[in-house]
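Try each task before you read its solution.

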Amino acid sequence: MTINRGKLPLNSILSHSRLLPPHVPADLLFKRNALRESHWNPLAQARADAMALPFWLNDNPVITTSQIKGDLQDIQARCGSLSLVIVDYVQLIEPMRREPGENRVQEIDSILKQLRAIAKQFNCAVLGLAQLKREVDSRSEKRPTKADFRESGGFEQEAAVMLGLYP
């Protein structure tokens, strides 16, 4: 599935955010000098609300799904349930073990299955960001398709939803 401004307006996406005040139109956030004085206090409160949400960042450049799972178990033990895990980006996750003769596509497929298992185990959404193939740039139609996800058909098999963003 792809999303573009015509199909799902940014205003619609942001208006469903619990952090955006309902009386501040989302489209004003992206226009220069469009916000009025009356918008600033609600936006400041929304920022404070967002800052109060629990947030953890693991910026380890080399990580496995096993390490992700361990981190999530620690966080869950301290804070309770998890809502969202964001992996930026899936192709940088290292396989837990390299099987002889296994290629990178098979490794990514295995990683995606492990991420899906993590989502089920922790009853939370896992958002995995992925790189697209370069061929998208050379086509006249820039909308990404499922086939454009780099190094794997596993995205189609394991993802509940696939979104491809384009300008």
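**Exercise 1. Find the residues with the most contacts inside the largest nonpolar core, and the elements that supply this core.**

Step 1. A nonpolar core is a set of buried Ala, Val, Leu, Ile, Met, Phe, Trp, Tyr and Cys residues joined through side-chain atoms within 4.5 Å. Buried means under 20% relative accessible area, exposed over 50%, and partly exposed in between, with a 1.4 Å probe and protein chains only.

Step 2. The largest such core has 19 residues, and Ile68, Leu72, Val90, Ile93, Leu115 and Phe155 have the most contacts inside it.

Step 3. At least two core residues come from each of α3 (65–79), β2 (84–88) and α4 (104–122), and α4 gives the most, with 6 residues. Helices (H or I, at least four residues) and strands (E, at least two) are DSSP runs, numbered from the N terminus.

Step 4. Leaving out residues up to four places away in sequence, Ile68 touches Ile63, Ile93, Leu115 and Ile118; a contact means heavy atoms within 4.5 Å.

A word on the source: this is a predicted model, where local features need pLDDT of at least 70 and side-chain atom pairs count only at pLDDT 80 or more, while totals for chains, interfaces and linings use all residues. Residues are numbered from 1 along each chain as its sequence is written, and side-chain values use heavy atoms, with hydrogens and water left out.

**Exercise 2. Check the span of α4, then describe its ends and its cover.**

Step 1. The expected span is 1.5 Å times one less than the number of residues. For the 19 residues of α4 that gives 27 Å, which agrees with end C-alpha atoms 27 Å apart.

Step 2. At the N-terminal end, Asn103 is the cap, with a side-chain oxygen 3.1 Å from the backbone nitrogen of Val105. After α4 comes Asn123, with a positive phi near 50 degrees.

Step 3. The buried residues of α4 include Glu107, Asp109 and Gln114 as well as Ile111 and Phe122. Among the elements covering the buried residues of α4 are α3, β2, β3 (125–129) and α6 (154–158).

**Exercise 3. Which residues of α2 are buried, and which exposed residues does the face turned away carry?**

Step 1. His39, Pro42, Leu43 and Ala46 are buried in α2. They cover an arc of only 105 degrees around the axis (taken from the directions from the helix axis to the C-beta atoms), so they lie on the same side of α2.

Step 2. The face turned away from that buried side carries the exposed residues Glu37, Asn41, Arg47, Met51 and Ala52.

Notes:
A polar contact is a pair of N or O atoms within 3.5 Å; within protein, one must be able to donate a hydrogen and the other to accept it, and residues adjacent in sequence count only if both atoms are side-chain atoms.
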